[in-house]
Amino acid sequence: MKDYEGKTAKPCLILALETSCDETSASVVADGRTILSDVISSQIPVHQKFGGVVPEIASRKHIENVIPVVDEALRVAKVTLSDITAIGVTYGPGLVGALLVGVSVAKALSFAADKPLIGVNHLEGHIFANFLSHPELEPPFMALVVSGGHTSLVYVEGYNKFDLLGQTRDDAAGEAFDKIARVMKLPYPGGPYIDRLAKTGNPEAIAFPRALTGRDNFEFSFSGLKSAVLNYLNSAALRGEEVNKADVAASFQAAVVDVLVSKVLQAARKQAVKKIVLAGGVAANSELKLKLEHECAQAGITLYYPETILCTDNAAMIACRAYYQHLIGEYADLHLNAIPSLKLGGKKCR
Ligand code: KG4
Ligand code: ZN
């Protein structure tokens, strides 16, 4: 077996699988923080022509891809299944059919190779991606999880202790990016395209609303903002006016970013923590990182976010989370099932 970083003691190797949405991913991580492999087979091109993820197609593609992806993850890591200490898998939240593919394969591998099974919450995985990018990072910290399906503020008190302070009442931040991009005829997923287009626009050109901005209100709402942008685009179309798409993108993005930045800073102040951690696909947004970096510097807070490849769905973050569950003996049995609406820090998977 490969020695990593010159270590001779036998490392704890977690093989993890991630199939909650539209990426089939498998990874081997050593001692929780060293990525030996992170293979991601993206289905984005398959779903792009539908303008969003088609759940049934996602499940079928996972079935086709999952075994080759696991084989590749073991091959790249230069290990075999018998070298693996435990097997981690995302069991929620996500698309039920997609989750079931990963869960079934992980259970089969765990049974066949007689390795412990660890059920991982996808959202906790997103937060833990930061431990892979920042070896020095340790709890406690305030985490802002912003993805295609979720927008949540989480106080991470310890590796296994989370407190959900608030989440979105309606659309997730990434979902709003994707829906606005779709009406602006940008490809799926729209977040990166809006991000790029916004760079040439004026963020103050259009005053889009910011919702639930009251003090110590840690809930989010993006559906009003989405409607405001749609109304703006529709009214312009009715009047036969050409809109400046870059200004719309920049003004919409500024409205999302303003709310995210102000809430996470308020939450950090409230819990008196000096570290903020960004997680999830929208953590790749350049304006969010820029504005948060600026505000954190002013407030004497250190900001962490994962490198871009670890922001979007990947199995390395699931392996990292699984490692810390392994340390406290939090294993699942072969009754492990997919839980599409699993809450953060919620039901344990025994
Ligand atoms: O975490 P993720 O890969 O999947 C979920 O668990 O949902 O996040 C995907 C989301 C999509 O909505 C995508 O548009 C958004 O992350 N995203 C971005 C950027 N890159 C990805 N949103 C804004 N700016 C970006 N640069
Ligand atoms: Zn995700």
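Start with strand β1, residues 13-18. Strand β4 runs parallel to β1, and four bridges join the two. Keep in mind that this is a predicted model.

Next, select I14 and A86. I14 stands opposite A86, which belongs to β4.

Now select all of β4, residues 86-92. Is this strand buried or exposed? Seven of its seven residues are buried, so β4 is largely enclosed by the rest of the structure. While you are looking at a strand, check the side chains. In a regular strand they alternate between the two faces of the sheet.

Move on to strand β5, residues 117-121. β4 and β5 pair in the parallel sense, over five bridges. V89 stands opposite G119 of β5.

Last stop: the cysteines. A disulfide is a covalent bond between the sulfur atoms of two cysteines. How many disulfides does a search of the whole structure find? The count is zero.

Select C12 and C320. C12 is in no disulfide, and its nearest cysteine sulfur, that of C320, is 11 Å away. A disulfide needs the two sulfur atoms within 2.5 Å. C12 is also buried, with a relative accessible area of 12%.

Then select C296 and C311. C296 is in no disulfide either; the nearest cysteine sulfur belongs to C311, 15 Å away. C296 counts as buried, at 1% relative accessibility.

Terms used:
Residues numbered from 1 in each chain as written. Chains lettered and ligands numbered in written order. Predicted model: local features only at pLDDT ≥ 70, side-chain atom pairs only at ≥ 80, totals over all residues. Heavy atoms only, no water. Buried < 20%, exposed > 50% of the residue type's maximum accessible area, 1.4 Å probe, protein only. Pairing = 2+ DSSP bridges.
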